[in-house]
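Let's work through a few salt bridges together, one exercise at a time. Keep the model open beside you as you go.

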Amino acid sequence: FMGTLAYSSPEQMEGRELDARSDIYSLGIMMFEMLTGKMPLQAETHSFGSWYKAHHYQSPRSFISANPAVRLPKALENLVMGCLEKSPNHRPQSITEVLKALEPLAQRYSGNQEISQRLSEVLSKGLPPVEAKAVAVDAVTEARRVARWPKSKPIAEIVFPQPLETSQGAIATLWVMLPQKEIEHLQVNKLYNRIYKNFLCSMSPHPMVLWITAFYNPLHSQEKGPRWLRCYLDLKSAHGQEMVRLLGDKKEYHVLLFALENPDRCAHIMSIPIQSFQCSQLQEWAITSQPRASLGQPSLSKTLLQAELEKLKPKVLAAMETSPTNFL
């Protein structure tokens with residue numbers, strides 16, 4: 001099957017010969033998504049069978065049910081719903097019909113555009129010239145440009161945490177090396193990426209945090225399951241303390257992906273938000289761990305935390321397979 005499941009017409013999923021009306025169905029889905037911020041159909045899972053059922057038997061939701069805050073002309077909704085008809089014969093038969101249906105809307109709202117343009121012209125004439133200022137480069141763009149795989153680290157599928165200094169200050173980063181093909185899947189099919197992040201802590205026998213990140217993409221992860229990225233932060237070390245405090249303060253972290261086949265430069269960066277309660281936990285752990293004495297080897301705490309992760313994995317996978325959101 002060739003195509004993106006969420007945007008494919010019913011006849012495309014049947015493998016039938018296609019014409020412009022199949023593209024008009026896909027256009028209808030795109031217009032619905034652009035106007036409301038939501039998809040008109042929702043499959044139970046991101047499998048071919050679930051999307052086949054949705055495209056064939058599920059009625060598209062209305063604009064107002066998708067986004068009650070958006071107020072759009074009924075004529076526009078009728079056009080989009082016409083494009084989403086299950087049968088090609090019931091849709092607009094050509095893009096010319098779509099443009100013709102949009103003409104009254106263009107005429108209705110063109111006055112607003114003319115007023116806006118005239119106002120912009122007046123304002124632009126009255127504004128004094130200003131000197132061009134350098135635009136600050138955001139930390140993520142800068143990180144991708146300057147990050148280089150450390151020579152002290154092997155060229156292998158490993159994960160390690162590292163604070164990264166940028167002109168905007170230090171940011172929390174997770175450095176990961178993966179096969180090029182896997183990184184490309186995460187980039188190209190990002191609509192379907194499901195990302196789980198969590199932090200587990202054990203104060204005894206040795207204060208330790210297990211930092212967990214997992215990627216799951218139903219289009220290419222079903223056989224292998226999620227890609228689990230985990231690393232430990234020793235709360236009795238300066239490095240561990242710095243990372244935990246950065247995570248709690250910045251409320252996000254950045255996964256720097258390097259390809260095994262081309263390790264010289266960062267191939268992709270994924271920015272992952274941290275929930276407020278997790279930030280509070282991290283800050284509390286950083287403070288609580290300071291006066292605590294270590295009662296055993298750090299490896300014992302690592303073993304305990306790993307056992308807790310193994311208990312979580314089945315629940316996390318189930319959530320990844322069914323969740324409509326990207327971050328869990």
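**Exercise 1.** Find the partner of glutamate 77 and describe the setting of the pair.

Step 1. Glutamate 77 pairs with lysine 74, their closest N and O atoms lying 3.4 Å apart.

Step 2. Helices here are DSSP runs of H or I with at least four residues, and strands are E runs of at least two, numbered from the N terminus.

Step 3. Glutamate 77 is buried at 11% relative accessibility, while lysine 74 is exposed at 53%. Buried means under 20% relative accessible area, exposed over 50%, and partly exposed in between (1.4 Å probe, protein chains only).

A note on the source: this is a predicted model, where local features need pLDDT of at least 70, side-chain atom pairs count only at pLDDT 80 or more, and totals for chains, interfaces and linings use all residues. Residues are numbered from 1 along each chain as its sequence is written, and side-chain values use heavy atoms, leaving out hydrogens and water.

**Exercise 2.** Which parts does the bridge between glutamate 182 and arginine 227 tie together?

Step 1. The closest N and O atoms of glutamate 182 and arginine 227 are 2.9 Å apart.

Step 2. Glutamate 182 belongs to helix 8 (residues 180-188) and arginine 227 to strand 5 (residues 227-234), so the bridge ties together parts 45 residues apart in sequence.

Step 3. Glutamate 182 is buried at 18%; arginine 227 is partly exposed at 23%.

Key:
A salt bridge is a side-chain nitrogen of Lys or Arg within 4 Å of a carboxyl oxygen of Asp or Glu.
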